Amino acid sequence: MIGLIPRIWMMTLQQQADEAAIRSILAEAGVPANRLFALDQSYDDAELLRLVHASAQVLGKDVDILLEDFSQTFIDDAVKRWPVWFEMAPDARSFLERQPRIHDSFARSLDDTASQPTRQAQKFRIAEIEDGLMVEYRSDNKLCGLYKSLARAVLRHYKDETGQIQESVCMHHGHDHCEIRLRWPR
Ligand code: HEM
């Protein structure tokens, strides 16, 4: 996993936990205390998953609540860091439709991850449905909760009050992929 996600996870923790709690989270997750996640380096996916669960445990919070906080921090940061991706998409629907291509171009922009774009892009398939978009997500990381909270943060960014996010099929319930409908009822 490229360092962007764990780095913003650490930023989110710094907003709500003191140094001692952060040290406990890193120790619990087996991450070196002096680790600085670089945006352009790859880290073990399992390390991020351990960080997420250790954070919930040490802070006594639900994983879903932490994902929601992370997603707001992530989108606030992304708007400043890559404004052009938000300018290119006039609304939440077009941004969310473009998301796999954003992942793809992000990975392509990193020299040392030449083999990653296809793998990343293949995790997401987006198709048009009658009143919105159907997202198929496949990944051993099973981060559909992250997908939904990021999509909610995108809706908030565009002040979109009509978009709905519904997951009908989920890897956490034994399926081999997740299906998330993004609907804008007319
Ligand atoms: C400017 C916007 C965005 C950027 C730069 C970005 C970038 C990234 C990067 C670098 C990763 C880690 C990939 C890896 O190395 O394995 C990632 C993972 C992920 N992103 Fe994004 N992302 C963006 C927006 C979004 C949005 C809007 C959503 C959902 C609506 C989303 C959903 C996810 C999910 C679910 C993962 C985890 C995938 C997995 O490993 O299973 N991202 N993103």
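This is a predicted model: local features need pLDDT of at least 70, side-chain atom pairs count only at pLDDT 80 or more; totals for chains, interfaces and linings use all residues.
Residue numbers start from 1 along each chain as its sequence is written.

**View 1. The whole protein chain.** Here are 8 helices and 4 strands, in the order α-α-α-α-α-α-α-β-β-α-β-β from the N terminus. Helices (H or I, at least four residues) and strands (E, at least two) are DSSP runs, numbered from the N terminus. The C-alpha atoms fill a box of roughly 50 × 35 × 35 Å along the principal axes.

**View 2. One face of helix 2.** In helix 2 (residues 19-29), you will find Ile25, Leu26 and Ala29 buried. The buried residues fall within an arc of 95° seen down the axis of helix 2, so they line one face of the helix; the arc is that of the directions from the helix axis to the C-beta atoms. As a handy reminder, an α-helix has 3.6 residues a turn, so residues three or four places apart point the same way. The buried residues of helix 2 pack against helix 1 (4-16) and helix 3 (45-59). Just after helix 2 comes Gly30, with a positive phi of about 70°. Buried means 20 or more other C-beta atoms within 10 Å of the residue's own, exposed means 12 or fewer, and partly exposed is in between, with C-beta atoms placed from the backbone.

**View 3. Around the ligand.** Of the 22 residues around the ligand, Ile2, Ala78, Ser139, Asn141 and Leu150 come nearest; a residue counts as near if its C-beta atom, placed from the backbone, lies within 6 Å. Helix 1, helix 6 (92-108) and helix 8 (144-157) each supply at least two residues of this shell. By class, the shell has 16 nonpolar, 5 polar and 1 charged, where Ala, Val, Leu, Ile, Met, Phe, Trp, Tyr, Cys and Pro count as nonpolar, Asp, Glu, Lys and Arg as charged, and the others, Gly among them, as polar.

View 4. Tyr158 is partly exposed, with 17 other C-beta atoms within 10 Å. Not counting residues up to four places away in sequence, Tyr158 touches Asp91 and Ala92; contact means C-beta atoms, placed from the backbone, within 7 Å. Ala89 is 69 residues apart from Tyr158 along the chain, and their C-alpha atoms are separated by 9.9 Å.

**View 5. Glu167 in strand 3.** Strand 3 holds Glu167, which is partly exposed, with 17 other C-beta atoms within 10 Å. Its contacts, not counting residues up to four places away in sequence, are Cys144, Lys148, Cys178, Glu179 and Ile180. From Glu167 to Val63, 104 residues apart in sequence, the C-alpha to C-alpha distance is 17 Å.

Definitions and conventions: Two residues are in contact if their C-beta atoms, placed from the backbone, lie within 7 Å.
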